[in-house]
Amino acid sequence: MAIIDEIKAKAKQNKKRIVLPESMDKRTYEAAEKILKEGIADLIIIGTEEEIAENGKGYDLTGATIINPFTDPNKQKYIDKFVELRAKKGVTPEIAKEQMEKDYMYYACLMCKCGDADGAVSGACHSTGNTIRPALQLLKTKPGISSVSGFFLMEVPDCDLGENGLFVFADCAVDPNLDAPKLAEVAGLSAESFKNFVGADPKVAMLSFSTKGSAKHDDVTKVADAVALAKEKFPQYAIDGELQLDAALVEEVAKLKAPDSPVAGKANTLVFPSLEAGNIGYKLVQRLAKANAYGPVLQGLAMPVNDLSRGCYADDIVGVVAITAVQAQMSE
Ligand code: ACO
């Protein structure tokens with residue numbers, strides 16, 4: 001079974017409430033109809049009657065909860081929560097109301113924060129920054145985690161590397177300023193994500209252009225420092241580095257370059273040294289190896305919120321909703 005079908009099956013076992021704030025986009029409704037029909041999640045769509053009538057015309061939304069952000073009886077509760085969380089940043093009730101009416105992703109995150117939803121998915125018609133920012137501001141990170149990152153679940157066809165072609169790649173989407181402590185967190189969170197979604201033991205390689213000191217540079221030192229921190233902070237996982245990509249993946253190369261490493265030659269979770277490397281790396285594998293790339297899935301947030309590509313299809317939204325629902329199950 002393809003990994004995404006396994007994830008959908010898992011989502012169906014314990015249905016979660018997922019908010020879709022992009023009522024201005026037709027793909028939301030096409031996806032919603034499929035999600036509701038397949039029983040993947042309980043859906044909440046945020047939008048006015050006009051938005052839903054115009055964009056959702058012809059789609060069967062039976063079972064979805066529709067929240068009008070202008071008339072919702074719970075709105076004051078969300079405004080109060082917004083002010084409570086962000087008063088120090090200058091948010092007043094007027095600003096909160098305006099922000100929630102202008103950008104439904106704020107509304108969605110506040111529903112999550114107040115326990116009225118279990119997760120949110122957006123980004124079909126909003127940039128990554130605009131999708132993630134409300135979650136970072138309102139939901140914040142999990143206890144003990146300072147930095148949110150984004151991983152891709154990569155499914156590479158006809159590949160016997162990793163976990164039979166399955167990998168987690170990170171950070172491919174979020175943090176352009178990855179220092180050693182943040183990279184260490186990416187390693188621990190990615191190991192957890194691999195375990196949760198693939199169901200096998202993670203073997204985390206922290207990548208560089210150097211293997212075990214073969215090159216000297218500040219960028220190599222950053223990764224080596226991150227490896228030491230990650231091993232200390234996440235002793236339950238097999239994490240090693242710094243490793244070049246070939247040493248991480250290929251047994252024969254590992255034997256030559258890092259013979260004592262518990263991860264080299266067997267890595268299934270790849271932590272890139274920078275956002276540039278991670279973002280370019282996943283796209284290379286996706287395009288050249290024709291891999292399925294599911295994500296970016298955010299890790300490290302206190303509640304699950306996920307981003308979509310603006311070029312996504314309705315089926316991509318269905319997949320990301322299933323992933324979000326499974327993350328919500330994991331955080332119970
Ligand atoms: N983890 C946790 N909190 C964070 C993080 C993070 N990685 N980054 C920012 N924050 C917090 C800040 O501390 C701040 O909190 P506060 O307001 O309570 O003080 C809040 O989020 C907002 O931070 P800003 O720095 O003001 O927000 P900004 O919008 O400038 O940056 C963002 C955050 C949007 C994630 C930015 O780093 C970004 O744009 N990253 C790149 C996203 C991107 O374009 N990815 C590539 C495309 S995705 C793809 O190709 C699939």
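Arg 86 touches Val 91, Gln 137, Leu 138 and Lys 140, leaving out residues up to four places away in sequence. The model described here is predicted. Arg 86 is also one of the closest of the 20 residues that surround the ligand.

**Arg 86**

- Arg 86 has its place in helix H4.
- Because its relative accessibility is 11%, under the 20% cut-off, Arg 86 counts as buried.
- Arg 86 and Cys 172 are 86 residues apart along the chain, and 28 Å separates their C-alpha atoms.

**Ligand surroundings**

- The ligand is surrounded by 20 residues, and the closest are Arg 86, Arg 133, Lys 140, Val 148 and Ala 173.
- In the side chain of Lys 140, an N or O atom is 2.6 Å from an oxygen atom of the ligand.
- For the side chain of Lys 89, the distance between an N or O atom and an oxygen atom of the ligand is 2.8 Å.
- For the side chain of Asn 279, the corresponding distance to an oxygen atom of the ligand is 3.0 Å.
- The ligand taken alone exposes 990 Å², and the protein buries 63% of that.
- Two or more residues of the shell around the ligand come from each of H7 and helix H12 (275–288).
- H7 supplies the largest share of this shell, four residues.

**Helix H7**

- The buried residues in H7 include Thr 131, Ile 132, Pro 134, Ala 135 and Leu 138.
- Seen down the axis of H7, its buried residues fall within an arc of 155 degrees, so they line one face of the helix.
- Lys 140 follows H7 and has a positive phi, near 65 degrees.

**The loop from H7 to S5**

- Ser 147 lies in the loop between helix H7 (128–138) and strand S5 (149–155).
- The relative accessible area of Ser 147 is 6%, so Ser 147 is buried, the cut-off being under 20%.
- The side chains of Ser 147 and Asp 175 make a polar contact at 3.0 Å.
- Not counting residues up to four places away in sequence, Ser 147 touches Thr 141, Asp 175, Lys 182, Glu 185, Leu 189 and Gln 299.

- S5 is mostly covered, with seven of its seven residues buried.
- Ser 149, Phe 151, Leu 153 and Glu 155 point one way from S5, while Gly 150, Phe 152 and Met 154 point the other way; all are buried.
- S5 and S10 run antiparallel and are joined by six bridges.
- In this pairing, Leu 153 stands opposite Tyr 294 in S10.
- S5 and strand S6 (residues 166–170) also run antiparallel, joined by five bridges.
- Here Met 154 stands opposite Phe 167 in S6.

**Helix H6**

- Nine of the ten residues of H6 are buried, so the helix is largely enclosed by the rest of the structure.
- The buried residues of H6 are Tyr 104, Met 105, Tyr 106, Tyr 107, Ala 108, Cys 109, Leu 110, Met 111 and Cys 112.
- Gly 115 follows H6, and its phi is positive, near 80 degrees.

**Ser 274**

- Ser 274 sits in the loop between strand S9 (269–271) and H12.
- The side chain of Ser 274 reaches the backbone nitrogen of Ala 277 at 3.1 Å.
- Asp 171 and Leu 178 are touched by Ser 274, not counting residues up to four places away in sequence.
- Ser 274 and Val 168 are 106 residues apart along the chain, with their C-alpha atoms separated by 15 Å.

**Lys 16**

- Lys 16 is in the loop between helix H1 (3–13) and strand S1 (17–20).
- Lys 16 is buried because its relative accessible area is 9%, under the 20% cut-off.
- Apart from its neighbours within four places in sequence, Lys 16 is in contact with Ala 41, Asp 42, Asp 118, Ala 325, Ala 328, Gln 329 and Glu 332.

Methods: Residues are numbered from 1 along each chain as its sequence is written. This is a predicted model: local features need pLDDT of at least 70, side-chain atom pairs count only at pLDDT 80 or more; totals for chains, interfaces and linings use all residues. Side-chain values use heavy atoms; hydrogens and water are left out. Buried means under 20% relative accessible area, exposed over 50%, partly exposed in between (1.4 Å probe, protein chains only). A polar contact is a pair of N or O atoms within 3.5 Å; within protein, one must be able to donate a hydrogen and the other to accept it, and residues adjacent in sequence count only if both atoms are side-chain atoms. Contact means heavy atoms within 4.5 Å. The arc is that of the directions from the helix axis to the C-beta atoms. Two strands pair if DSSP finds at least two bridges between them. A residue is near a molecule or strand if one of its heavy atoms lies within 4 Å of it. Accessible areas come from the Shrake-Rupley method with a 1.4 Å probe; for residues, only the protein chains shown count as cover.
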